[in-house]
Amino acid sequence: MASDPLAAKARPGWHSKIILSTTLATIFGLMWCGCSSSNSKSGIILGHYASMTGAQATFGQSTDNGIRLAVDEINAAGGVDGKSIELITYDDKSDAREAATAVTRLVTRDHVTAVLGEVASKLSLEGAPICQANGVPMITPSSTNPKVTEVGDMIFRVCFIDPFQGYVCAKFARENLKAEKAAILYDQSQTYSAGLQEQFAKAFKELGGTITTTQAYQNGEQDFSAQLTAIRGTKPDIVFIPGYYNDVGNIASQARKLDITVPLLGGDGWESPKLAEIGGDAINGCYYSNHYSPQDPNPKIQDFIQKYKKHFGATPDSMAALGYDATEIFCDALKRAGSTATGAEIAAQLAKTKDFAGVTGSITIDEHRNAVKPAVILQMKDGVPTYVTTIKP
Ligand code: PHE
């Protein structure tokens, strides 16, 4: 299965047939799946729910590529207990209801062994309760909001969390950029953005800085002039924008037109090959925190980049790297638990993950099922995210 990642595609078209409400579907999930803990009959099926289309399409596409690369390698090396892994990906179109429906389908119909996803924290918070209720382990490669793993003992992540990321951005702004005054513009429709702006503000103030104003927008908004004009009036040294790339590109262009010339700073939500495309020259010189840098000479990273480029013809972004790591960590835990293990047995092994050498760094799962790892700061230079520094927990 899935021997050629390029041939593998998300399965489209089933969404419209599902007319059950999310709640009802979840109840059915409990009924159908409460006893299906053994995977011996069906082999190993790994589910992935992702934004393959929609507002944040590169998030899902990159993650899926990273997952497919790992699955292919694991299968080529003999799979787990001699069984190969089949990957089923459903497109949630960057939409909350679609995400819940996709996870319900993976868990109750496809009887997956584990679920990978989502990128956006808001969408992971849709899928996590369904996985938890059905006893199916879920690993989010890249959702950083703390609430995601708080859903329960079946929910894991292989990335750092936003209290750390907020601190990283604040520390960089204070110490490297010498910023005293920061303005904030965040996406109030996204759990990730709302959480990260709070964490940044807290850390920036603790480090002696002042927040001049906190402005909000909604994902997909087109005109940011009211918020940007208010921000300009407070004369900040930097503007912190913890949004997703599609909005950030537009915000940067409009900020420059309104003569806001100070550096813009953001979090991992900026990470996309589309950021430079949308933001153009306006985004150059700006900074964001991220999970890894493709410029890191570490052989583990460079080897991954070469393999990924060969398959997909592009440099992997951090979602691709985290998708790869999440898959490897799942298989590592499954090997220890055995291919016929229950969801709870796999979760128990996932919880024991220690010093796993991932592409995005050494991964140890802590008692809250989060990974504790350093972050990197990148600067956009001629449209290329360029390594600046690493900040450790
Ligand atoms: N951390 C973001 C969230 O939780 C998602 C994200 C991860 C975006 C990595 C880009 C890169 O919503």
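A crossing of two helices is left-handed if the near helix is turned anticlockwise from the far one by less than a right angle, and right-handed if clockwise. The views below are taken from a predicted model.

**View 1. Helix H6 passes helix H7 in a right-handed crossing.** H6 covers residues 162-176 and H7 covers residues 191-206. Their axes lie 8 Å apart and the helices pack at an angle of about 50 degrees, which makes H6 oblique to H7.

**View 2. Residues of H6 meet residues of H7.** On the H6 side the contact includes Asp-162, Pro-163, Tyr-167, Cys-169 and Arg-174. Their partners in H7 are Tyr-192, Leu-196, Gln-199, Phe-200, Ala-203 and Phe-204. Sorted by class, the contact of H6 with H7 has 10 nonpolar, three polar and two charged residues.

**View 3. Seven strands form an open sheet with mixed pairing.** The strand order is S7-S6-S8-S9-S10-S13-S14. Strand S7 (210-217) and strand S14 (384-391) are the edge strands, and each pairs on one side only. From one strand to the next, the twist averages 25 degrees.

**View 4. Helix H8 packs on the sheet.** H8 spans residues 225-233 and touches strand S6 (181-187), S7 and strand S8 (238-240). The direction of H8 makes about 175 degrees with that of S7.

**View 5. Strands S10 and S13 run antiparallel.** Four bridges join S10, residues 287-290, to S13, residues 375-381. Within this pair, Ser-289 stands opposite Ile-377 in S13.

Key:
Residues are numbered from 1 along each chain as its sequence is written. This is a predicted model: local features need pLDDT of at least 70, side-chain atom pairs count only at pLDDT 80 or more; totals for chains, interfaces and linings use all residues. Side-chain values use heavy atoms; hydrogens and water are left out. Two strands pair if DSSP finds at least two bridges between them. Helices (H or I, at least four residues) and strands (E, at least two) are DSSP runs, numbered from the N terminus. Axes are lines fitted to C-alpha atoms, for helices over the stretch in contact, and angles run from 0 to 180 degrees between N-to-C directions. Contact means heavy atoms within 4.5 Å. Angles under 35 degrees count as roughly parallel, over 145 as roughly antiparallel, 65 to 115 as roughly perpendicular and the rest as oblique. Ala, Val, Leu, Ile, Met, Phe, Trp, Tyr, Cys and Pro count as nonpolar, Asp, Glu, Lys and Arg as charged, and the others, Gly among them, as polar.
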